[in-house]
Amino acid sequence: MTDNPISISKLIAPLSFSDFFENYWEKNYIHIQKEGNSYDHIIDTNALDAFLSMQNLKPEGVRLARDGYQIPETEWTKTTTILNGIQNVIVDPDKVLHHYYEGATIIISFAELMIPALANVNSAIEQELGIKSQANVYITPPNAQGFTQHYDTHDIILLQIKGPKTWNLYDTGEELPTSTGPFTNEPTLIETITINTGDILYLPRGVVHEAFSSETSTIHINFSLKPRYGFHLIEAIAELAQKEDVFFRKVVPHKFSSNKQRADYMSAFNEKLQELLAKHPVEELIKKQEENFIERQNLDFNGRLTDAIEYDQISAETTVCRRTGFTYNVEASAHSTTISFGKKKIVLPKFVDNGLFLQDAPFKVKEIKGLLTEDNKISMVQSLVRTGYLMIMR
């Protein structure tokens, strides 16, 4: 097992989770100064350099922006022809650096999908908060601005990898927007903040902001938090309505409908909707959203290839452990226990003591208790290693 590379609870200290969620979450921004803090263990310029220097890097996930203007992909990519004659559009590192020297910010979107170190960090954040997260990296040259005034439709936890960077925060009356659009009111400056290396900034969605570098280049990571909102529950109800009751699949009253037909439809609609809500209470809908997170979470594949190579060497003396870095759900029935994570389901029979499989501590294959032969124990562990639920300890 490896320790999580980051802990949000430690990052926001001395703020507690209860204080954060009661006083700041969806309400107020907060700048947490961490003098002398470093995130080199998370990512450094060498890792970013190696990523952007790849000779076959696809442009998806890479953007360049200067003064609020996104530079077209055609200006920093090139077309190559691979062996079978197929043309391939890839990032041209020389062109990217040219625009960087000219003042463009380099943005790596969905960095958790492309940079292994950030995959681990992003996964740790998801697991700690129980919320989907996306990592975006911003590399800004000296005396430059990537984006002008704007707001995001998701909350952000920002880690300043290399600073300082100046942020202007504005109020426009936007209240928890989930889509972009024109500002409700003219932005009014709330505060100007200097974010230094190691600092944390939390921004609720809707807070208008812009950022500038000064005499030195800057790097920061935005972890964009994407929880499920109240309207997602309504969407879930709509999906259930469509599936379960033909009434909701019928056409609503139209211009040729009589007044009585309209009145009858509205009455039936209200009645059917109440029946649906009674059948599927809010508690059930929220639980479904939690299960949705378990299914959609990013699973950590680190070490699984090594496990696969050593798979056929598993014996009764092999030490294994439950793989960390993902959330799982356990459901027990009269005859079995089902463990769900990602889109995978593991069914363990009742005649096997499941305690070892649910604990965090390592155990040897031979320690499994229940009505199993040694070969059956090895076979069961091999199956759980294949799914990624168990990992081989070395």
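**Notes on Ile346 and some strand pairings**

1. Ile346 has its place in strand 17, residues 344-349. Strands here are DSSP runs of E with at least two residues, and helices are runs of H or I with at least four, numbered from the N terminus. This is a predicted model, in which local features need pLDDT of at least 70, side-chain atom pairs count only at pLDDT 80 or more, and totals for chains, interfaces and linings use all residues. Residues are numbered from 1 along each chain as its sequence is written, and side-chain values use heavy atoms, with hydrogens and water left out.

2. Ile346 counts as buried because its relative accessibility is 6%; buried means under 20% relative accessible area, exposed over 50% and partly exposed in between, with a 1.4 Å probe and protein chains only.

3. Leaving aside residues up to four places away in sequence, Ile346 touches Thr337, Thr338, Ile339, Phe341, Leu384, Thr387 and Tyr389. A contact means heavy atoms within 4.5 Å.

4. Now to a sheet: three strands form an open, antiparallel sheet in the order 18-14-19. Strand 18 (363-364) and strand 19 (390-392) each have a single partner strand, so one side of each lacks a neighbour in the sheet. Two strands pair if DSSP finds at least two bridges between them. Strand 14 (residues 319-322) and strand 19 are joined by three bridges, and Val320 has Ile392 as its bridge partner.

5. Thr79 sits opposite Val89. Five residues lie between these strands, and Gly85 takes a positive phi near 90° in this hairpin.
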